[in-house]
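Reader: I am new to this structure and would like to go through it in questions and answers. Please show it to me first.

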Number of protein chains: 2
Amino acid sequence: MESKVGRQLPDDIMNELGFKPYETTDFGDPVIQRKAPKVHASTGEGKVVDSLEEVIRKTVRDGMTISFHHHFRGGDYVFNKVMRVIIDAGYRDLTLAPSSLTGVMNDTVVEAIKKGVVTNITSSGMRGSLGDAVSHGLLKNPVIFRSHGGRARAIENGDINIDVAFLGVPNSDEMGNANGMEGKSAFGSLGYALVDAAYADTVVLVTDDIRPYPNTPASIKQSQVDYVVKVDEVGDPDKIGSGATRFTKDPKELKIAKSVNGVIVNSPYFKDGFSFQTGSGGAALAVTRFLRQSMIDNGIKASFALGGITKPTVDLLEEGLIGKVMDVQDFDKGAATSMRQNPGQQEIDASWYADPANKGAMVDKLDVAILSALEIDTDFNVNVMAGSDGVIRGAIGGHQDAATAKLTIISAPLVRGRIATVVPKVTTVVTPGDSVDVLVTEVGIAINPKRQDLMQALGNIPGLPVYTIQQLQERAEKMLGTPEPLKFTDRTVALIEYRDGTIIDQIRQVAE
Amino acid sequence: MESKVGRQLPDDIMNELGFKPYETTDFGDPVIQRKAPKVHASTGEGKVVDSLEEVIRKTVRDGMTISFHHHFRGGDYVFNKVMRVIIDAGYRDLTLAPSSLTGVMNDTVVEAIKKGVVTNITSSGMRGSLGDAVSHGLLKNPVIFRSHGGRARAIENGDINIDVAFLGVPNSDEMGNANGMEGKSAFGSLGYALVDAAYADTVVLVTDDIRPYPNTPASIKQSQVDYVVKVDEVGDPDKIGSGATRFTKDPKELKIAKSVNGVIVNSPYFKDGFSFQTGSGGAALAVTRFLRQSMIDNGIKASFALGGITKPTVDLLEEGLIGKVMDVQDFDKGAATSMRQNPGQQEIDASWYADPANKGAMVDKLDVAILSALEIDTDFNVNVMAGSDGVIRGAIGGHQDAATAKLTIISAPLVRGRIATVVPKVTTVVTPGDSVDVLVTEVGIAINPKRQDLMQALGNIPGLPVYTIQQLQERAEKMLGTPEPLKFTDRTVALIEYRDGTIIDQIRQVAE
C-alpha cells in the first residue's frame with residue numbers, strides 16, 4: 001500500500017500492526033473512546049523506595065512497555081541509571097516508549113537492543129550511534145516514530161499502553177508531588193511527562209531532592225504516583241539546557257532568519273494578537289530577535305508564543321511583547337528557571353500542546369510556525385528524520401504538529417556543504433507538503449502553489465525574491481550535481497507515523 | 001442485608017443497583033480499571049455558543065446524566081439557568097449528578113422532579129424544600145448520597161458516567177481555558193469541578209467573562225472543553241462566599257472550640273509539621289483562632305491545612321504558621337481571592353483531596369480533622385444527613401473522607417434546643433464510628449474506647465473532663481427525656497454510600 005504522499009508502505013507490517021496509510025492533514029471530528037489506566041489503590045505508605053533495583057523488581061516484567069521523558073536533554077542521568085539496572089537484571093522483550101531519545105542515551109539503548117532487553121521502540125527520534133545501529137537493522141521490530149502530539153494521542157487512545165513510566169524530576173515529596181521548575185536540576189516544563197503521569201498504569205518518580213510534604217506547585221500529583229526513588233543525581237545541571245543562548249553569527253543563517261522575519265511581517269497574520277512558534281537553535285533565536293524589532297516598530301504584540309521555549313522568548317514576555325508563553329518544554333536554563341517567577345509562562349502538557357484527538361490543541365490556534373528541515377522536496381514534503389545517506393539522525397518533535405499552523409515556514413539553507421537540502425524527493429517524508437506554506441532559503445523563498453493568497457502577499461517584497469520550489473531544487477542540483485541514489489534493503493526498520501496515527505512513510509535498512 | 005454498622009439495607013434495591021453493604025473503613029489496595037471519557041475531537045472552531053438553549057439542544061438527550069458543581073454556593077445562577085432551559089424543553093428521566101445541591105437550587109430541582117425531568121439524583125447532600133420533598137417520596141428512584149472523595153472515585157471508575165457537565169466559571173477564553181480564582185464572581189478553587197472536566201464525555205463551560213486567548217492559569221484546560229456559553233451573570237458575588245467570616249460569640253460554641261483545641265494540643269499529633277482540617281462555620285473559625293495561639297505559644301508550625309478553606313486559615317499561611325493550604329473549595333471571598341496571590345495556597349481536585357481509590361489522597365496524610373454532627377451515637381457513628389425528624393437536611397461533604405484522619409474530633413453540643421445530639425442510635429449513619437476518635441461537647445469529651453492511646457494522652461487534662469459516650473448520651477436523655485421513635489414507611493428514598501462505594505445506611509420515606 002501507499003501513503004497519500006506516494007510512499008510505498010510494507011503491507012505485511014502495516015496489516016500486522018493494524019496501521020492505515022496517511023491520507024490527509026485533516027483529522028476530522030471523530031468520537032474517540034479514551035483508554036484509562038489501571039490504578040493500584042494505596043494510601044501512599046511505603047511509596048519511597050530505597051533503590052532503583054527494588055522498584056524495578058516490584059514493577060517491571062518481561063514484555064512490558066516502559067517510558068521516560070527527555071526534559072533533562074543532554075544532562076539526563078535517569079534513563080541510563082534505570083536502564084542499567086534493567087539490562088543487568090536480564091529483562092526481555094521490553095518496548096521503550098520515551099518522549100524522545102537524546103544522545104546521552106545511545107550507548108545504553110544499543111546495548112539493550114543487542115542483549116534482547118529491548119525489542120520495540122517508539123520515540124520522537126534518535127541520532128548518533130543508535131540511529132546508525134537501527135538503520136543497519138539492529139532492532140528486532142520497526143521503530144514507530146511519533147510527533148509529540150501524536151504520542152499524546154497514542155497514549156490517550158491506548159495505541160501506546162505504558163506499563164511503567166520512570167519520570168525523573170528535580171524535586172518531589174514522599175508522596176510524589178513534583179514539578180520540573182525548582183531545584184538544581186530544574187528543566188522547567190514537564191510537558192511531555194505529564195501525559196505519562198496521567199496514563200501509565202504505574203508511575204515511578206526518580207529524584208535527588210525529596211522535599212517536605214506537601215510539595216507545591218505539583219505539576220505531577222501524588223494521586224498519579226506509585227513510587228518515589230531517591231538517587232544521588234538526576235542530571236547534570238550544566239547540560240540540561242543548552243546553556244547561554246547564542247545568537248548566530250553565520251551570515252547565511254542570519255540572511256535566512258531575516259527573510260523568515262520578512263515573510264512573517266509581510267504575511268496577513270502579522271497583526272496584533274498573532275501567535276508563533278520558533279523552536280530552538282541559533283537561527284531560531286535570530287528570528288526571535290528580528291521579530292522583536294518588527295513588533296516594536298509596528299506596535300504589534302503577540303497573544304502567545306508556543307512550544308519549546310528559549311530565554312529570548314521569555315524576554316519578550318517580560319517586555320510585554322507577548323501575552324503568554326505556552327511552554328511544553330524549555331531549551332535553556334533561562335527559560336526553565338523563569339517558569340516559577342512568570343505567571344504568564346504557563347506549563348502545558350503534550351496533549352494540550354498538540355494532540356489532534358482532543359477538543360482543541362494550542363497548535364490549532366497557531367498563526368506562524370518556523371520549522372527546520374534536513375530535506376524538503378518539490379512537493380514541499382519535509383524530512384527531519386533521515387540523513388541524505390538514509391541513516392536515522394533526527395526527531396519529529398513537534399514538526400508535524402506545528403506545521404498545521406496557518407503560516408508554516410520551513411527555514412533551511414539551499415545546500416549544506418556538499419548536500420542539497422531542496423531535493424526532488426525527500427529520503428523520508430515526515431511532514432506532508434500539504435501543511436507547509438513557505439520555504440525560506442538564503443537565495444530566496446518558495447511558496448506552496450496551493451497558497452495563492454500568500455503569492456499575492458509576498459510576491460513583491462524587496463529583498464525577498466520568490467522562486468518556484470522546482471527552481472530552487474534545480475539551483476541546488478546545478479551547484480552539487482545529481483547524487484547517486486541511496487541503496488536500501490527491503491527490510492523496514494522504522495515507520496513514520498503522522499500525528500493522526502496513520503503511517504506516512506517507512507525507513508528501510510541501509511545497504512552496506 | 002445489613003451494613004457492618006447494623007443498618008438494614010433494602011435487598012431488592014441493593015441487588016438491582018449492584019451495591020454491597022459497608023464492611024470496613026479500610027479500603028485496601030485493589031487494582032482498579034479506571035473509566036475514560038469518549039472525546040469528540042475538534043480543533044475548537046465554534047466552541048462559543050450563543051445560548052444555553054442551543055448548547056443544550058446540541059448535547060442533552062433523555063436519560064442522560066448531567067452534572068454541576070456547587071462552588072458558587074448560595075450565589076449560584078448557573079444551575080437554575082441551565083435547568084430552566086432543560087425543564088422547559090421537556091427532557092425526561094435525567095440523572096442529576098452535581099457535587100452538591102445548595103439551597104438556591106431547591107425549587108428548580110423540586111419542579112424538575114415533579115415534571116419527570118429528573119428521576120435520579122446523586123449528590124453530597126440536600127436541604128430545605130428539596131430534602132423535605134425527597135424525604136416524602138417525591139423522587140422516583142433513591143438518591144445516592146456520596147462524599148466528595150466518594151464522588152471522585154465513582155466518576156473515575158465509571159459508577160457515575162457523566163454525559164454532560166455544565167460548569168460555571170468566573171472566566172474563560174473562547175477555547176475553554178478557565179479558572180475559578182479571577183473575576184467578579186471568583187469562588188477560588190475549582191476542586192470538585194476538575195473531576196467533571198476530566199471525566200465527562202461533554203464539558204460545557206458557562207461564563208459571564210470571556211477573556212483573550214489564551215486565558216491562564218487554566219485550572220480547566222481547552223483540551224477538556226467542548227462548548228463555552230456566555231450568559232449575563234454566573235453568580236451573585238455577594239452570596240458566593242459567606243462574606244466576612246465571623247468569630248462565634250455563643251459561649252457554648254466557644255467552650256466547645258476551646259476544648260477541641262485542648263484535645264488537639266494535648267494529643268500526640270500536635271507537633272511541628274502536623275496537619276489539620278477544620279471546615280467552615282463560626283465554631284470552626286473559633287477553633288482556628290485558639291489553635292493559632294497554641295501554635296505560637298508552643299513554637300509549632302503546621303505543614304498543611306486541608307479541605308474547604310476560610311480566610312482565617314489563609315491568614316495562618318501568610319503568617320507562616322502553616323506551610324501550605326491545600327484547597328479543594330473556598331468558603332469565603334477572602335480565601336477565594338487570595339488563591340491567585342498566595343503560591344502556598346494550592347488548588348487541589350476532589351480526587352487528590354479525598355479519593356480512596358487513587359495512589360494516595362491528601363486525607364491519607366491528615367493528622368487532625370475537626371468535624372460536625374447532627375447526631376452521634378454511643379458507637380460513635382455520626383449522622384450529618386437526616387434531622388431528628390428523619391428528614392434529609394444535610395450533606396456528607398468531606399465528612400467520611402476527613403474522618404480517616406489520625407485524630408478525628410467530632411465537635412457538637414450535647415443538645416440543640418429540645419433535641420439531643422448524643423443519642424443511643426443515630427437516625428442515619430453517614431460516618432462509621434470506627435473512624436471517629438473523640439467527641440467534644442460543652443460538658444466534656446468522650447474518647448472512642450478503641451483509642452486507648454488517646455485515653456492515656458487526654459485522660460487528665462484540666463478543663464477537659466472525660467466521660468464515656470454512654471454517660472454523655474444518658475446526660476442528654478436526662479435533660480430532654482426519651483423521644484418518640486420516628487415513623488417511616490418501608491420505602492427507601494436514599495442510600496448513603498460510604499466513600500469506598502459500599503452502602504452504609506438507607507433513608508426511608510417519612511410517614512405523614
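This is a predicted model: local features need pLDDT of at least 70, side-chain atom pairs count only at pLDDT 80 or more; totals for chains, interfaces and linings use all residues.

Author: Residues are numbered from 1 along each chain as its sequence is written, chains are lettered from A and ligands numbered from 1 in the order in which they are written, and side-chain values use heavy atoms, with hydrogens and water left out.

Reader: By what turn can chain A be laid on chain B?

Author: Two copies of a chain are related by a rotation about an axis and a shift along it. Here the copies are superposed by least squares on the C-alpha atoms of residues with pLDDT of at least 70 in both. The RMSD is 0.0 Å and the shift along the axis is 0.0 Å, with a turn of 180°. The two copies are thus related as by a two-fold rotation axis.

Reader: Which residue of chain A comes closest to the rotation axis?

Author: The distance is taken at the C-alpha atom and comes to 2.5 Å. The residue of chain A with this closest approach is A36(A).

Reader: What area is buried between chain A and chain B?

Author: The size of an interface is often given as the accessible area lost when the parts come together. Buried area is that loss for two parts, with a 1.4 Å probe, summed over both. Carbon and sulfur atoms give 54% of the area between chain A and chain B, and the area itself is about 4400 Å².

Reader: How many residues does each chain bring to the contact, and through which surface do the copies meet?

Author: Contact means heavy atoms within 4.5 Å. By that rule there are 56 residues from chain A and 56 residues from chain B. Since 100% of the interface residues of chain A are also interface residues in chain B, the copies meet through the same surface.

Reader: Which three residues supply 19% of the area that chain A buries against chain B?

Author: Their share is more than that of any other three residues. They are V39(A), W352(A) and K359(A).

Reader: How many salt bridges are there between chain A and chain B?

Author: A salt bridge is a side-chain nitrogen of Lys or Arg within 4 Å of a carboxyl oxygen of Asp or Glu. Over all chains the count comes to 61 salt bridges. One salt bridge is formed by the side chains of D226(B) and K359(A), at 2.6 Å from N to O. The count between chain A and chain B is four.

Reader: Which residue forms a salt bridge with E174(B)?

Author: The closest N and O atoms of this pair are 2.3 Å apart, and the partner of E174(B) is K365(A). E174(B) lies in the loop between β9 and α7 of chain B and its partner in the loop between α13 (350–354) and β16 (368–371) of chain A, so the pair joins two chains; helices (H or I, at least four residues) and strands (E, at least two) are DSSP runs, numbered from the N terminus. The partner is K365(A).

Reader: Over the face of which residue does K365(A) lie?

Author: A charge sits over a ring if NZ of Lys or CZ of Arg is within 6 Å of the ring centre and within 35 degrees of the ring normal. The charged end of K365(B) sits over the ring of Y213(A), 5.2 Å from its centre. K365(A) is at 5.2 Å from the ring centre of Y213(B).

Reader: How many aromatic pairs does the structure hold, and how are the planes of F68(B) and F166(B) set?

Author: Rings of Phe, Tyr and Trp (its six-membered ring) pair if their centres lie within 6.5 Å; planes under 30 degrees apart count as stacked, over 60 as edge-to-face and the rest as tilted. The structure holds 14 aromatic pairs over all chains. F68(B) and F166(B) are 5.7 Å apart, centre to centre, with 20° between the planes, and the pair is stacked.

Reader: How many residues of helix α7 of chain B are buried?

Author: Buried means under 20% relative accessible area, exposed over 50%, partly exposed in between (1.4 Å probe, protein chains only). Among the buried residues of α7(B) are Y192(B), L194(B) and D196(B). Helix α7 (residues 191–199) of chain B is largely enclosed by the rest of the structure, because the buried residues number eight of the nine.
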